[in-house]
Amino acid sequence: MRLIVIIYSSIISLKYGACLQDNYTTGPTIVALPFNATDDAHAIIEEMKAKHIRGKHKEKIIDILVSRTIAQRLEIGVQYNNIQKEDFHRDIKNYFDDSSHDSDKNVFEIISTTADFLARRIKHSIKKRGEDHGYMSIICTSTAKELIDIRASYLNQYKVEMGIDIPDVLGNSELTRFLSRLFGYNTTLRSDAAADSKKTAELVKAIPEHKSSCNLQDASALYEMMKTESFKQIKAVAEAYKMNSNSKYSDPLKAIDKNCDSDLKEAFIRIMNYSMDPFHYYAHEIERAFHGKGSIDSADTRVMISRSEIDLADIRTCYDNTYEHGLKWAIEVSSR
């Protein structure tokens, strides 16, 4: 079995989750359970030394790593460094880099922090100069705290500010300016507040029902809502719009799609879609990635790794309820 199938199947399996004890359909698929970082480090060292059946030993290393949270994997790395006097990340990368399958090298990603992983995904995406929209998906669906961490990691890894690199590579446009404002230093970042009914009533009016560039000058209320309001607030606006008998369109996604006449349209649709149903948003990204559709490279890998300690159980449940065969089957088929 290819290693990528083992990684993915383990990440979504729930077999490592304490949530099995209660409602196993919600929340993360990997949770912190008791472990010993030193024992795990020694076990990995022994498996890496035994090269005569390398495939089996790689599987055992993956089994150790995916049964731990990111914080626990980092602790294992510290103990490995202390024992071996070598760099854990470098050794793991070198050990798995001889794989003939590029996707099997994703094991390196599971020993990174989520911020480091997503920063690399953004960099990888913008290098394709508009052909890959992974950068947009990450930025549009991340909280202010997550974006601050990603921004710091990006600077640390690439020695350039993300807010400078994105427009430098993709061009200075309404879209790149908007995305940069979502994580900028001198701007109001997205709130995490609960929905406010009075604010909802006002913001419903911001949904465009006539052609507009939807930029800060022509549609400031919509623009500011997409930039700074919490996902909870935007969801409340979407629900209110759909319930309003005077609304021109059946839902706000159609209104934005029909009337936003600029490159901001896709970003606004992503934010609205994610706010309305984040689990379906991610399930849809995974499904399109499996079938080679869409404009995001390896969305399946990004979602499964970055959401495994947040809400991957919910995403998997949504996927299983939406698509015919279920997520685990889709992983195995797509990786053949």
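Ile150 is placed in helix α8, where helices (H or I, at least four residues) and strands (E, at least two) are DSSP runs numbered from the N terminus. This is a predicted model, in which local features need pLDDT of at least 70 and side-chain atom pairs count only at pLDDT 80 or more, while totals for chains, interfaces and linings use all residues. Residues are numbered from 1 along each chain as its sequence is written, and side-chain values use heavy atoms, with hydrogens and water left out.

Ile150 counts as buried because its relative accessibility is 2%; the classes are buried under 20% relative accessible area, exposed over 50% and partly exposed in between, with a 1.4 Å probe and protein chains only. Apart from neighbours within four places in sequence, Ile150 is in contact with Ala115, Leu118, Ala119, Ile122, Ile138, Ser142 and Met162, contact meaning heavy atoms within 4.5 Å. The C-alpha atoms of Ile150 and Arg120 are separated by 9.2 Å, and these two residues are 30 apart along the chain.

## Salt bridges

Side chains of opposite charge can pair when their charged atoms come close. The whole structure has 16 salt bridges, each defined as a side-chain nitrogen of Lys or Arg within 4 Å of a carboxyl oxygen of Asp or Glu. One of them joins the side chains of Asp149 and Lys145, at 2.6 Å from N to O. Both residues, Asp149 and Lys145, lie in helix α8 (residues 144-158), four residues apart, or about one turn of the helix. An α-helix has 3.6 residues a turn, so residues three or four places apart point the same way. Asp149 counts as partly exposed because its relative accessibility is 32%, whereas Lys145, at 54%, counts as exposed.

Arg270 forms a salt bridge with Glu285, with the closest N and O atoms 3.3 Å apart. This pair links distant parts of the chain, since Arg270 is in helix α15 (residues 265-276) and Glu285 is in helix α16 (residues 278-290), 15 residues apart. Glu285 also forms a salt bridge with Arg302, and here the closest N and O atoms are 2.6 Å apart. Arg302 is buried at a relative accessible area of 4%, and Glu285 is buried at 7%. Salt bridges with shared partners join Glu266, Arg270, Glu285 and Arg302 into one network. Helix α17 is mostly covered, with eight of its eight residues buried.

## Cysteines

The structure has one disulfide, by the rule that a pair of cysteine sulfur atoms lies within 2.5 Å. Cys214 and Cys260 form this disulfide, with their sulfur atoms 2.1 Å apart. The torsion about their S-S bond is about -85°, so the disulfide is left-handed. Cys214 lies in the loop between α11 (197-203) and α12 (220-228), and Cys260 in the loop between α14 (252-259) and α15, so the pair ties together parts that are 46 residues apart in sequence.

Cys214 is buried at a relative accessible area of 0%, and Cys260 counts as buried at 2%. Two further cysteines also count as buried: Cys140 at 0% relative accessibility and Cys318 at 14%.

## Nonpolar core and aromatic rings

A nonpolar core is a set of buried Ala, Val, Leu, Ile, Met, Phe, Trp, Tyr and Cys residues joined through side-chain atoms within 4.5 Å. The largest has 88 residues, of which Ile122, Phe178 and Phe268 touch the most other members. Helix α15 supplies the largest share of this core, seven residues.

Tyr223 and Phe268 form an edge-to-face pair, 6.3 Å centre to centre with 80° between the planes. Tyr223 is in helix α12 and Phe268 in helix α15, 45 residues apart, and both are buried.

Conventions: Phe/Tyr/Trp six-rings, centres within 6.5 Å; stacked < 30°, edge-to-face > 60°.
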